[in-house]
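This briefing covers one predicted protein model, grouped by topic. Please look at the sequence and the coordinates before reading on.

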Amino acid sequence: YKKVILCVIVFLFSLLSIFPQGIDNFSLSLNPAALIPIGDTSAHYTIGGSALLSGEYKLPFAPVLFLAGQLGYSISSNILTNTNLSLVSLGGGTGLSISPISKLNLKIFASGGYYLGIYGESFGHRYTRPANGLWL
């Protein structure tokens, strides 16, 4: 499974170089992150990594509205068994974006998606997780 996930990540990075950067109303971002276990989990898991590829499309007929999609991957290792814990996520949503002044953009959105947990070589449970938030 690691080879398949690596191929998907390489494919997504290649899309970033091919995708035209001049498309109006569309933005694409890649956000890396470190996963640092705290509390009880720090005794079981190592520091891991995560990446989230997000796309946002502002609707031409209503520029304050946008559609969004996300693809994410997270990985950490169990200290005791040296087994990887991976999470693959896919989500989408819609929202409202307002810029009251030139350097400030407020976004209110609602999104949902699917997450798949993989521990070692076994697949975990798939579940849906609604989300919402305010981004400043």
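Which pattern does the protein chain follow, read along the sequence? The pattern is α-β-β-β-β-β-β-β, and the chain holds one helix and seven strands. Helices (H or I, at least four residues) and strands (E, at least two) are DSSP runs, numbered from the N terminus. The model is predicted: local features need pLDDT of at least 70, side-chain atom pairs count only at pLDDT 80 or more, and totals for chains, interfaces and linings use all residues. Residues are numbered from 1 along each chain as its sequence is written, and side-chain values use heavy atoms, with hydrogens and water left out.

**Burial**

- Of the 136 residues in the protein chain, 20% are buried; buried means under 20% relative accessible area, exposed over 50%, and partly exposed in between, with a 1.4 Å probe and protein chains only.
- Leu59 is found in the loop between S2 and S3 and is buried, with a relative accessible area of 14%.
- The C-alpha atoms of Leu59 and Phe26 are separated by 9.1 Å, although the two residues are 33 apart along the chain.

- The structure holds one salt bridge, defined as a side-chain nitrogen of Lys or Arg within 4 Å of a carboxyl oxygen of Asp or Glu.
- Its partners are the side chains of Lys107 and Glu56, at 2.7 Å from N to O.
- Lys107 lies in strand S5 (residues 104-119) and Glu56 in strand S2, so the pair ties together parts that are 51 residues apart in sequence.
- Lys107 is buried, with a relative accessible area of 18%, and Glu56 also counts as buried, at 16%.
- The charged end of Lys107 sits over the ring of Phe66, 5.5 Å from its centre; the rule asks for NZ of Lys or CZ of Arg within 6 Å of the ring centre and within 35 degrees of the ring normal.

**Polar contacts**

- A polar contact is a pair of N or O atoms within 3.5 Å; within protein, one must be able to donate a hydrogen and the other to accept it, and residues adjacent in sequence count only if both atoms are side-chain atoms.
- Asn84, in strand S4 (residues 84-101), makes such a contact through its side chain with the side chain of Ser77, at 2.6 Å.
- Asn84 is buried, with a relative accessible area of 19%.
- Ser76 lies in strand S3 and is buried, with a relative accessible area of 12%.
- A polar atom of the Ser76 side chain lies 2.7 Å from the backbone oxygen of Thr46.

**Nonpolar surface patch**

- Val64, Leu65, Leu96, Ile98 and Ile108 make a nonpolar surface patch of about 390 Å².
- Patches are made of residues with over 30% relative accessible area and no salt bridge: like charges are joined within 9 Å, nonpolar side chains (Val, Leu, Ile, Met, Phe, Trp, Tyr) within 5 Å.
- Accessible areas come from the Shrake-Rupley method with a 1.4 Å probe, and for residues only the protein chains shown count as cover.
- Val64 is found in the loop between strand S2 (48-58) and strand S3 (65-77) and is partly exposed, with a relative accessible area of 40%.
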